[in-house]
Amino acid sequence: MENKLKIDIVSDVVCPWCTVGYKHLQKAITDLNIEDQVSIEWQPFELNPNMPEEGQDLTEHITQKYGSTKEQHEASRNRLVEAGANVDLKFDFYNGMRIVNTFDAHVLLEYAKKFDKQTELKMRLTTAYFSEQKDVSKKDVLKQALLDVGLNAEEALATLENDDVRFEVQRNKQYWQNLGVRSVPTIVFNRKEGVTGAQPIEVFKSILTQFTQTAETES
């Protein structure tokens with residue numbers, strides 16, 4: 001199919017609901033048997049763009065950012081663990097877990113796009129952070145993730161030192177913010193219609209059916 005449905009997923013690597021939302025979308029695509037009719041591209045968003053190199057304790061960060069109580073924070077984590085289990089994702093919220101800066105990860109996701117490896121790398125980084133207690137701001141962790149998905153790690157890591165590449169990722173991030181994206185995941189279909197949050201599978205099925213049927217009618 002030449003005119004594929006373009007799906008942009010505005011997301012951060014350390015956003016758990018982004019991965020849950022993607023898994024719901026993926027299941028909808030599979031159930032509708034339209035894998036060959038869609039094209040997914042991940043777009044950069046930083047939940048914490050000013051996060052320092054050392055990161056911050058996750059519980060402390062959530063409390064400061066959202067003003068939630070310890071009980072509310074624990075309840076939210078429990079919902080995430082359950083939501084993750086429903087789509088075969090393990091969210092391991094351990095004591096001392098830290099929120100980290102993700103800009104380098106976004107630069108590498110941009111690199112991976114050239115090799116049609118974006119989704120694979122995104123899932124690998126998500127698993128490293130949420131399931132394996134790894135710091136995805138660290139070069140060694142990023143290098144291993146690149147190797148795990150079959151990318152040239154040395155070439156990819158070199159882009160982290162390229163000011164032009166970093167500016168392009170920053171520009172792309174700003175583009176989506178200028179369109180009004182303030183929370184993630186934000187999933188946009190053909191740059192025409194978007195939804196936010198980890199929507200249920202049936203919601204995605206409805207949207208996908210609408211767009212694919214329209215495409216068939218127009219062709």
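1. What is the handedness of the disulfide formed by Cys 15 and Cys 18? In this predicted model, the torsion about the S-S bond of Cys 15 and Cys 18 is about 90°, and the disulfide is therefore right-handed. The sulfur atoms of Cys 15 and Cys 18 are placed 2.4 Å apart, and a pair of cysteine sulfur atoms has to lie within 2.5 Å to be called a disulfide. The structure holds 1 disulfide.

2. Turning to the overall fold, the protein is built with 9 helices and 6 strands. Its radius of gyration is 18 Å, which agrees with the value near 17 Å that a compact globule of 219 residues would have. Along the principal axes, the C-alpha trace of the protein spans about 55 × 45 × 35 Å.

3. As to burial and surface, 46% of the 219 residues in the protein are buried. The protein exposes about 11,400 Å², and carbon and sulfur atoms supply 46% of that area. Among the side chains, 26 are positive and 35 are negative, and the centres of these two sets lie 2 Å apart.

4. Helix α4, which runs over residues 103-113, is mostly covered, with 9 of its 11 residues buried. The buried residues of α4 are Phe 103, Asp 104, Ala 105, His 106, Val 107, Leu 108, Leu 109, Tyr 111 and Ala 112. Which elements cover these buried residues of α4? The cover includes the strands β1 (5-11) and β2 (38-44), together with the helices α5, α6 (139-148), α7 (153-158) and α8 (163-178).

5. Helix α5, named above as part of the cover of α4, deserves a look at two of its residues. Thr 126 is found in this helix, which comprises residues 118-131, and Thr 126 is buried, its relative accessible area being 3%. If residues up to four places away in sequence are left out, Thr 126 touches Val 13, Thr 19 and Ser 131.

6. Phe 130 also lies in helix α5, and with a relative accessible area of 3% Phe 130 is buried. Which residues does Phe 130 touch, not counting residues up to four places away in sequence? They are Val 13, Val 14, Cys 15, Pro 16, Lys 90, Phe 91, Asp 92, Phe 93 and Met 97; this list includes Cys 15, which is one of the two cysteines of the disulfide. Val 13 is touched by Phe 130 and also by Thr 126. By way of a distance, the C-alpha atoms of Phe 130 and Glu 54, which are 76 residues apart along the chain, are separated by 18 Å.

7. A last point concerns Glu 161, whose place is in the loop between α7 and α8. Glu 161 is exposed, with a relative accessible area of 61%, whereas Asp 104 is among the buried residues of α4. The C-alpha atoms of Glu 161 and Asp 104 are separated by 9.7 Å, although the two residues are 57 residues apart along the chain.

Note on methods
Residues numbered from 1 in each chain as written. Predicted model: local features only at pLDDT ≥ 70, side-chain atom pairs only at ≥ 80, totals over all residues. Heavy atoms only, no water. Helix = DSSP H or I, 4+ residues; strand = E, 2+ residues; numbered from the N terminus. Rg over C-alpha atoms; globule rule 2.2 N^0.38 Å. Buried < 20%, exposed > 50% of the residue type's maximum accessible area, 1.4 Å probe, protein only. Areas by Shrake-Rupley, 256 points an atom, 1.4 Å probe, with all protein chains shown as cover. Lys, Arg positive; Asp, Glu negative; His and termini not counted. Charge placed at Lys NZ, Arg CZ, Asp CG, Glu CD. Contact = heavy atoms within 4.5 Å.
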